[in-house]
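Student: I have some questions about how the terms are applied here. Can we go through them one by one?

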Amino acid sequence: MQNAFIESFNGRLRDELLNETLFTSLVQARVALGCWRADYNNTRPHSRLGWKTPSEFAFTCHPRRDLALRYAEGSATSSRRYYRPTGQIQ
């Protein structure tokens, strides 16, 4: 085991979807995985996230998300802002 979070996620995916579904085509597998992923990210609350769904939790972390989006879009300026763990801008 190298990463407990990934191992937990992989186990959950395997138990809830992969072990219970006999896929007959790649298209069926993609559709089933897309439905499972949407359920996992948008409707299920997670205890580690304060009983929020991952999408709700991501929405509450907007300062970091905005910073990440700026870097991803390539529009970051040379004056970078860094965030402390408490979320305060330094």
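Tutor: Start with His46. Which backbone oxygen does the side chain of His46 reach?

Student: The side chain of His46 reaches the backbone oxygen of Arg44, at 3.4 Å.

Tutor: Good. The model is predicted, so local features need pLDDT of at least 70, side-chain atom pairs count only at pLDDT 80 or more, and totals for chains, interfaces and linings use all residues. Residues are numbered from 1 along each chain as its sequence is written, and side-chain values use heavy atoms, with hydrogens and water left out.

Student: Why is His46 called buried?

Tutor: Its relative accessible area is 14%. Buried means under 20% (exposed is over 50%, partly exposed in between; 1.4 Å probe, protein chains only). Therefore His46 counts as buried.

Student: What does His46 touch, not counting residues up to four places away in sequence?

Tutor: Tyr40, Trp51, Lys52, Thr53 and Pro54. A contact means heavy atoms within 4.5 Å.

Student: Where does His46 lie?

Tutor: In the loop between helix H2 (26-42) and helix H3 (54-60). Helices are DSSP runs (H or I, at least four residues), numbered from the N terminus; strands are E runs of at least two. The protein chain has 4 helices and 0 strands.

Student: How many residues of the lining of the largest pocket are nonpolar, polar and charged?

Tutor: The lining has 7 nonpolar, 3 polar and 2 charged residues. Asp, Glu, Lys and Arg count as charged; Ala, Val, Leu, Ile, Met, Phe, Trp, Tyr, Cys and Pro as nonpolar; the others, Gly among them, as polar. His46 is one of the lining residues.

Methods
On a 1 Å grid over the protein atoms alone, a cavity is a set of points where a 1.4 Å probe fits but cannot get out, and a pocket is an open set with protein on both sides within 12 Å along at least five of seven lines; lining residues have an atom within 4 Å of a point. A polar contact is a pair of N or O atoms within 3.5 Å; within protein, one must be able to donate a hydrogen and the other to accept it, and residues adjacent in sequence count only if both atoms are side-chain atoms.
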